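Here are some notes to read alongside the model, written for someone opening it for the first time. Please keep the structure in view and go through the points in order.

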Amino acid sequence: MSSFPTLHRKIKTIVSPFHELLCSLHVLDQPEHHPKRLAWALERRSRMPANFLEDIHTISQLSDSWLALGDLPNRTGAPVGCVEGIAMLDGLPDAEFIFLLLNSTVPLSTLIHALEGGKKSLPNLGLEESARYLVCHLATVRKQIITTLEIYERDYFREEWEYIEPWLQDAAARFQETVSRFPEQALNSLHPRLSAKERIVTAQKAVTYSFPYEQLQQIYVFPSSFIYPHLLISWSGDILHLPLAVDIPGLAYNEGPPADLLRQFKALSDDTRLRILKLLWTAPHCTKQIAPVLGISEAAVSKHLKQLSESGLARSERRGNYLFYSGNKEALESLIVLQRQFLEQ
């Protein structure tokens with residue numbers, strides 16, 4: 001049975017300035033991941049004060065590289081202007097504001113309890129460091145985010161939006177026309193790791209996500225000139241958000257691999273570092289524990305741990321007089337995604 005009678009009615013293409021603003025901030029913080037926007041990002045960064053770039057990076061670390069803010073509650077499917085989006089964000093209640101920043105990874109009820117109970121309640125709630133920081137410094141973080149967004153929109157993004165909007169509108173119209181005739185073909189054109197067949201939308205990231213057509217009320221597609229080559233997906237209940245990469249003519253293209261991908265490959269290309277990483281995968285270890293297991297000096301262990309940490313594959317936590325290192329499982333799981341993104345460019 002064809003999926004055409006229902007699927008095409010669920011797909012809506014939305015040209016949203018606020019969504020594109022957040023994608024552009026993501027690129028500014030991680031320019032090497034975006035070959036079609038690398039030159040743009042480097043030029044914009046050269047015009048920004050160092051303290052402003054630091055604010056962009058700090059917020060990026062608290063908000064899943066700015067992309068968590070794109071899930072601002074909006075079930076209407078209406079485009080969100082930049083000023084409107086900033087105001088909506090600023091108007092969120094405290095718990096919902098943190099919930100959004102944390103990408104819905106902590107239950108809203110837990111955050112409400114944390115805010116009501118204050119610092120004394122945090123040890124009993126099992127919150128990770130980022131969540132505890134947001135609870136304890138919410139007013140400062142909120143002000144920093146809103147101020148940064150307002151300055152960036154006014155001084156840097158507004159001019160760019162005027163240039164790219166016609167291209168996004170044109171791409172949206174052409175994509176929606178394809179949807180009206182060939183909805184599955186349209187969805188399959190969005191990204192190499194996204195497929196729509198047998199009444200299921202499947203997205204391959206670090207793990208594979210599946211969304212049966214009948215469980216989806218809406219599929220919102222957001223054209224973006226910044227998000228390539230990421231497969232940026234999110235969902236809220238029965239609403240799925242998908243990206244439409246839009247080419248802007250004349251942009252310089254960088255064919256080189258991202259610097260962090262090279263660092264990770266280099267870190268993994270050594271026998272001893274792989275053996276260390278295997279130990280860290282099972283449990284946190286300090287240099288004094290690792291050295292006798294591998295039969296090498298503590299100085300050598302420290303050197304290897306430094307490279308693993310700089311590549312993002314390991315992280316450390318102080319316990320008394322010792323630094324204990326553990327494997328960064330999220331980074332290792334996303335490594336395959338970074339590889340595929342580069343190969344698919």
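1. Of the 345 residues in the protein chain, 46% are buried. Here buried means a relative accessible area under 20%, exposed means over 50%, and partly exposed covers what lies in between, with a 1.4 Å probe and protein chains only. The chain exposes about 17500 Å², and carbon and sulfur atoms supply 53% of that area. These areas come from the Shrake-Rupley method with a 1.4 Å probe, and for residues only the protein chains shown count as cover.

2. A word on the ground rules. This is a predicted model, in which local features need pLDDT of at least 70 and side-chain atom pairs count only at pLDDT 80 or more, while totals for chains, interfaces and linings use all residues. Residues are numbered from 1 along each chain as its sequence is written, and side-chain values use heavy atoms, with hydrogens and water left out.

3. Now the overall build. The protein chain has 15 helices and nine strands; these are DSSP runs numbered from the N terminus, helices being H or I with at least four residues and strands E with at least two. Its radius of gyration is 22 Å, close to the 20 Å from the globule rule for 345 residues, so the chain is as compact as a globular protein of that length. That radius is taken over C-alpha atoms, and the rule is 2.2 Å times the number of residues to the power 0.38. Along the principal axes, the C-alpha trace spans about 65 × 45 × 45 Å.

4. How much of the contact set joins residues at least 24 apart in sequence? Among contacts between residues at least 6 apart, the share is 64%. Contact means heavy atoms within 4.5 Å.

5. On to charges. The chain carries 35 positive and 39 negative charges, and their mean positions are 6 Å apart. Lys and Arg count as positive, Asp and Glu as negative, and His and the chain ends are not counted. Each charge is placed at NZ of Lys, CZ of Arg, CG of Asp or CD of Glu.

6. The structure holds 14 salt bridges, a salt bridge being a side-chain nitrogen of Lys or Arg within 4 Å of a carboxyl oxygen of Asp or Glu. One of them joins Asp-90 and Arg-142, at 3.8 Å from N to O. Asp-90 belongs to helix α5 (residues 82-90) and Arg-142 to helix α9 (residues 138-181), so this pair ties together parts 52 residues apart in sequence. Arg-142 is buried at 12% relative accessibility, whereas Asp-90 is partly exposed at 38%.

7. A second pair to look up is Lys-288 and Glu-298, whose closest N and O atoms are 3.3 Å apart. Lys-288 sits in helix α13 (residues 287-294) and Glu-298 in helix α14 (residues 298-310), so the bridge links parts that are ten residues apart in sequence. Both partners are partly exposed, Lys-288 at 45% and Glu-298 at 34%. Elsewhere, salt bridges with shared partners join Arg-37, Glu-43, Arg-44, Arg-47 and Glu-160 into one network. Within it, the side chains of Arg-44 and Glu-43 meet at 2.5 Å, N to O; Arg-44 is buried at 9%, and Glu-43 is partly exposed at 34%.

8. Which buried residue has no salt bridge, although it is charged? Glu-20 is the one to check: Arg-37, the nearest side chain of opposite charge, is 5.3 Å away. Glu-20 is part of helix α2 (residues 17-29). Beyond neighbours within four places in sequence, the contacts of Glu-20 include Phe-157, Trp-161, Pro-223 and Phe-226.

9. Some backbone details deserve a look. Most residues other than glycine have a negative phi, and most peptide bonds are trans. Tyr-228 and Pro-229, however, are joined by a cis peptide bond, with omega about 5 degrees, and Pro-229 lies in the loop between β5 (218-224) and β6.

10. Asp-64 is not a glycine, yet has a positive phi of about 50 degrees. Asp-64 is in the loop between α4 (50-62) and α5 and is partly exposed at 42%. Glu-198 also has a positive phi, near 50 degrees; its place is the loop between β2 (194-197) and β3 (200-204), and Glu-198 is exposed at 70%.
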